Amino acid sequence: MKFDGKFSDTTLQVITNPSLLSFIIASIIIFTLPPIFNRYKASIAGQERHQENVNIYYADLDNDGISEKIRIDQTSVNVVSLLVFKNDKVIDQWNFKGKLFAANQAFCGDIDGDGVKEIFIFTYNDNPRGEGKKVFFHCVNPIKKKVLFLNRHVVDCLPFDKETAGGVYPCGFYDENKDGIKEFYFSVSAGYARQPRSFFVFDPAHDTIYQSSQSYAPLEERFTFDLENSGTPDFIYATTAVGNFDTSAPFSDMYAWLMVFTKNAAFRFTPVKIGDYPSWSTAAPFIENGKNFIVTMNIYLGTESHSCSISLFSSGMRKLKERQFLYSDDWEYPYLYYDTLEKPKYFYLIKRNGSIEKFDKGLDVKERKNIPPVSATMYFPLDIDGDGKDELIFQSDDRDNLIVVRNDFSDYTLLNCAGAGVLRSCSVKLNGADPPELSAPFPDINFLIRYQSNPYFYLRYPLYAGIYAVVFSLIMLIEKGQKHRVELKHAAEKRIAELQLKAIKSQLDPHFTLNIINSIGSLFYKQDKEKADYIFGKYSKLLRSTILNSDKITTTLENELEYVKNYLALEEFRHDNKFTTKVSVEENIDLTMQIPKMLIHTFVENAVKHGLKPLEKVGSLLVAVSHSDSSCTIRIADNGIGRTRAKEISSTSTGKGLAILDQILDLYQSLMNVRITYAFKDIVGENNTAAGTEVLITVPAVQGEW
């Protein structure tokens, strides 16, 4: 069906239905409400200012349900200070020679099974025997105030030409040799150094460190997963192709690799190439029907013809399926996420633009959701409300907000952190019987954030209903007011029409009509057919105009002047040309302007009947229309006997014509908000005698330019 720009009555009734309009307006209001009715809310419970070289974390070291505060300071050029607080009091302080190597956080784990966690700190120093740096770790038990390992050498970095040249990436604490002491699994990935880029296992029971075979692939993006259901975890990495080495280097970073390490720091499988330089990779586990899989994503960032890809691998590292696509800005540093507390039957792809896609084994999108755009740094999965499930903490792309997202992406909330800088890390502060808090350290401030169910969440429904009820009531009130205004308008129009019919009655009364007909008959009798046709034409036009416009209360200036001309022509004929008439209109007058019907005619009729008809000499009548910037002026002037003399000799005038016109103009003003005025002026001749009457009608210029 072709739309012609007009609505049917049924369509118009539907779209103007008060219930529908109320729903639309209420929906817009609800959509613009501040997020005070989200299912969850985040608020700042506390904050602590600190220097930029200070890092703050929280961990429940003694498992009493209350977290201890861990503070790491780079107090001087070559000293790292570790302070541990319990109930805001310092337990103890330990100082380590060197600079902080793993700048993100301290690593905590109960390695000896005594119910108390130890803390690992990594530092580095210059190599006294040559170029590069030496990396050490230190292990202390703050609760028991014991130093377990001090200055334990891990590996050398060759060379080391920038201060932020590497990091430690923990994979967890596991007792895989069943000796009652947990081993610490981690990787060291040097950024600007040639080495190391290796996976490590530290066996505290034997004070032994195992290192993976030589590799030049950065080991950062990782997860732990029992790939073969053997009861022993595997340590899985998806490496990034950063292009620091040529292709002859073992597992060169000219390529991206999928690597799986065993508990002994050996490759479980030969690493699989998953991308080319320059590219960025990440991976996630996947389980279906008891079978384990690995999903990888490689984002190619270069100018060659290589594609980006999402791939599915079996537990034996055989590629089962691959989906290729071309790079766009939406694919800049996306994340793969899986629920670490449940068997991951699905995995999620999180793009920087906030798009969330849920995938199945077939690499098909099963569901899409959206959160605000996120930064390219990283996200932190932590259970920050104590419900046993991780939330995801992002920083927004503009760095102005923290975004806390449910692990199924069913809800998110924002917390303003504008001006705080880049989020360094996150940890959970347990508060015993009180709700836990999220510790969010920024460069010079640490926020403690309370995240919990919003008690006002269920109040939104009565609020929404109340908003709808208020909007509906207002619309009904407006509709009632409009109906009342329409009724008043119709009453005013009806009254004006009645008054105008009453005013015109004198024109079309039997005496006037018979007089015209007799006059026309006389002309035919005299065989003056041409004049008879002329007069009959004028009368028919007058009659036609009266009948066709009988249901209207306004007319155009052009129609009113035409009506007056026809009337005057008939009156001149009736009175044997006893007077002459002239109608003049100034140039650029808007002849389409609307005025009340009979406005000019009423004064013209009075001038003829009471001014010119009793005149003994030849009379004249002028109707002149002019304009100014603010109004249109209609001047009606005659050289008749004047108003005073007319009142003295008139036996038929009742003055009702002007009284009716006054009522019409008052009603017209209330209806159209246009105030039309008129004023009489007596024309004085020689010896101060009456020489005629002038009427000035003023119509405001509200209906267009003149």
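**Salt bridges, sheets and a nonpolar patch**

Glu605 is buried, with a relative accessible area of 9% (buried means under 20%, exposed over 50% and partly exposed in between, with a 1.4 Å probe and protein chains only). The model is predicted: local features need pLDDT of at least 70 and side-chain atom pairs count only at pLDDT 80 or more, whereas totals for chains, interfaces and linings use all residues. Residues are numbered from 1 along each chain as its sequence is written, and side-chain values use heavy atoms, with hydrogens and water left out.

Glu605 forms a salt bridge with Lys609, and their closest N and O atoms are 3.1 Å apart (a salt bridge is a side-chain nitrogen of Lys or Arg within 4 Å of a carboxyl oxygen of Asp or Glu). Both residues belong to helix 7 (residues 599-612), where four residues, about one turn of the helix, separate Glu605 from Lys609 (helices are DSSP runs of H or I with at least four residues, strands are runs of E with at least two, and both are numbered from the N terminus). Lys609 is partly exposed, at 34% relative accessible area.

The structure holds 33 salt bridges. In one of them, Glu391 forms a salt bridge with Arg406, with 3.1 Å between the closest N and O atoms. This pair links distant parts of the chain, since Glu391 lies in strand 28 (residues 391-395) and Arg406 in strand 29 (residues 401-406), 15 residues apart. Glu391 is buried at 1% relative accessible area, and Arg406 also counts as buried, at 8%.

The side chains of Arg643 and Asp682 likewise meet in a salt bridge, at 3.1 Å from N to O. Here helix 8 (residues 643-649), which holds Arg643, is linked to strand 39 (residues 677-684), which holds Asp682; the two residues are 39 positions apart. Arg643 counts as partly exposed at 34% relative accessibility, and Asp682 is partly exposed at 38%. Elsewhere, salt bridges link Asp62, Asp64, Glu68 and Lys86 in a network.

An open sheet of four strands runs in the order 2-3-4-5 with antiparallel pairing (two strands pair if DSSP finds at least two bridges between them). Its edges are strand 2 (54-59) and strand 5 (89-97), each of which pairs on one side only. Strand 4 (residues 79-86) and strand 5 pair in the antiparallel sense over eight bridges; Val79 has Lys97 of strand 5 as its bridge partner.

Another open sheet of four strands has the order 1-33-32-31, and its pairing is antiparallel. Strand 1 (40-49) and strand 31 (427-431) form the edges, each pairing on one side only. Strand 32 (residues 434-441) is joined to the antiparallel strand 33 (residues 445-453) by four bridges, and Ser439 has Leu448 in strand 33 as its bridge partner.

Finally, a nonpolar surface patch of about 580 Å² is made by Ile15, Leu20, Phe23, Ile24, Ile25, Ile28 and Ile29. Patches are made of residues with over 30% relative accessible area and no salt bridge, like charges being joined within 9 Å and nonpolar side chains (Val, Leu, Ile, Met, Phe, Trp, Tyr) within 5 Å. Helix 2 (residues 18-31) gives the most to the patch, with six residues. Ile15 is placed in helix 1 (residues 9-15) and counts as partly exposed, at 36% relative accessibility.

Key. Areas by Shrake-Rupley, 256 points an atom, 1.4 Å probe, with all protein chains shown as cover.
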